[in-house]
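Please work through the exercises below with the sequence and the model side by side, trying each task before reading its solution.

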Amino acid sequence: MSVLTGDHSVTEQARNRTFGPLYSGNAKAVISRGLMATRSSNWLVMLSGFFEPVLFLFSMGVGMGAIVGAVQGPGGEEISYAAYIAPALLAVSAMNGAVYDSTWNVFFKMNFAKLYQGMLYTSLGPLDVALGEIFLALLRGLLYATGFTAVMGLMGLITTPWAILMIPASVLIAFGFASIGMGITSFLKTFQQMDWINFIMLPMFLFSATFYPLSVYPEYIQWLIQAMPLWHAVELLRQISVGTFTAATVIHIGYYLVMTVLGMLLTTMRLRKLFLK
Amino acid sequence: MHNEAILSSTASAGNQMKQQTVISAENLTKRYGDIAAVDGISFSVPAGESFGLLGPNGAGKSTTMRMIGGTTQRTSGTLSIMGLDPDSHGPEVRAHLGVVPQQDNLDEELRVRENLLVYGRYFGLPMSYLKPKADELLEFAQLTDKAKAKVDALSGGMKRRLTIARSLINEPRILLLDEPTTGLDPQARHILWDRLFRLKEQGVTLILTTHYMDEAEQLCDRLIVVDKGRIMAEGSPAELIREYSTREVLELRFGSERNTTIGAELGGIGERLEALPDRVLIYAHDGEAALEQVASRGLRPLTSLVRRSSLEDVFLRLTGRSLVE
């Protein structure tokens, strides 16, 4: 039996592709691995990520909404409390999913499952792995956003066709967080350090005008919150949900474009540190 | 392409390929802070050779392997794999390699056959090639009936064989094996050696690290003995034994109290004497004759054994320490 002297021309072709120092143009192999692993073992974990914002919407939106009553929407119109917080919950879920995938998940696969170690003994480069993993995170974000938008529709919280744009906007938000998150993970070495990420995310979730308008805070706190990424995500999705677009919409989108570019630059710069430990 | 010469020679004249150098390292060094894990080693490996790095744990063998694969960057020195620098051409270098790491890093979220298919995709190979190839390799690794099993349901030996099968998915020119049989029971080791020997027969260049002398003797055409990041000796197993040891060794045990103090009473027997905490080794051309001399001096060891010299003795001679501590 000859397993090696096959001299297949395809293996020669695969060797004679053009390679970069950190990239082999094969991120799709990392993506198809992710899809196969999801199908084989962890689709149940995927479901929990979908239900989290839905449960928040039921308890806070429907429950609290009963005592809060109607509130003022971004265009000045009256909307139900559930319709007010639903886009914010979608933004939080886009952030959580992307950050989880790009920090904890990458950290675990790097240090415990040794998954990347295996990948990087092949002709894959670190950039293939980073792009593949980010794409998978965004694909998951896309599915969640679509599901949550459907739930909003079923609950009668969508009043304009513009609301469908919340889905691509959520993917942009996830892209911003995933690219920064992966860059940050390259600096972290222990579980204790990983906990700092939660320490930043929880206050962002609670105070970024998620459940009530920013105007309740004194001005200097408002400035602080407006500098944070989640506030821009919440405002962007809230505006889209009712179809009200202003100059601020452009700023919110611009914020995420810049964040994505900076995040990708950071991640690319730190690629060797991130994957070649 | 840089490697056209090598590839065309593979196709036309298999024997000519043996003259080609596939790996060459010059003053290869890796430092972590003040510690030199690999301290200026130089070697070169011709195509088709089975080349070993023999040394104890922490000698710098795995670090050298990772530098060859471009997954650890060297501190200084030059390194060339198929004419390419792995630091600047990582993905291209690894397209030629099959890597079996010290610890299995199989994809636990995938099943056995999926592990092979997905790994082949990482090399950019098409499914039409990978599907029959995966079945062929499962056969080679004697895992055909486990194709749909989960990875964590496999025994240690099976996981190793799957890792080796996986490393062959791209029909590599060079196979890197880092401690391939560590942690396996004797039967599993012999199955694995048989598989590796077949690969060697097919002309694959094997680069192997081990701290088992019997493994090195069975599989390596030539090896370097490494200790504390440096090369202590280089040659074929037989050459090394001839140069650094005698034909036979007499092993005596006098009990832990006496082993270290009895040396003086054994002076003059054999060519060299090594007193270890658990036994005394007498290096002699004729072990039985040496044993008779011991008896004629009225010394009564608890046990005695005459055996052929091995690489273990070479290592002991070179470093004053045992390979497996």
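**Exercise 1.** How many of the residues of helix 4 (residues 112–122) of chain B are buried?

Solution. This is a predicted model, in which local features need pLDDT of at least 70, side-chain atom pairs count only at pLDDT 80 or more, and totals for chains, interfaces and linings use all residues. Residues are numbered from 1 along each chain as its sequence is written, while chains are lettered from A and ligands numbered from 1 in the order in which they are written. A residue is buried if 20 or more other C-beta atoms, placed from the backbone, lie within 10 Å of its own, exposed if 12 or fewer, and partly exposed in between; helices are DSSP runs (H or I, at least four residues) and strands likewise (E, at least two), numbered from the N terminus. By this rule 11 of the 11 residues of helix 4 of chain B are buried, among them Arg113(B) and Tyr119(B). Just after this helix, Gly124(B) has a positive phi of about 75 degrees.

**Exercise 2.** Which residue of strand 6 of chain B stands opposite Gly98(B)?

Solution. Strand 5 of chain B pairs with strand 6 (residues 174–178) of chain B in the parallel sense over 4 bridges, where pairing requires at least two DSSP bridges. Within this pairing, Gly98(B) faces Leu175(B).

**Exercise 3.** Why does His252(A) count as buried?

Solution. His252(A), which lies in helix 10 (residues 247–269) of chain A, counts as buried because it has 24 C-beta neighbours inside 10 Å.
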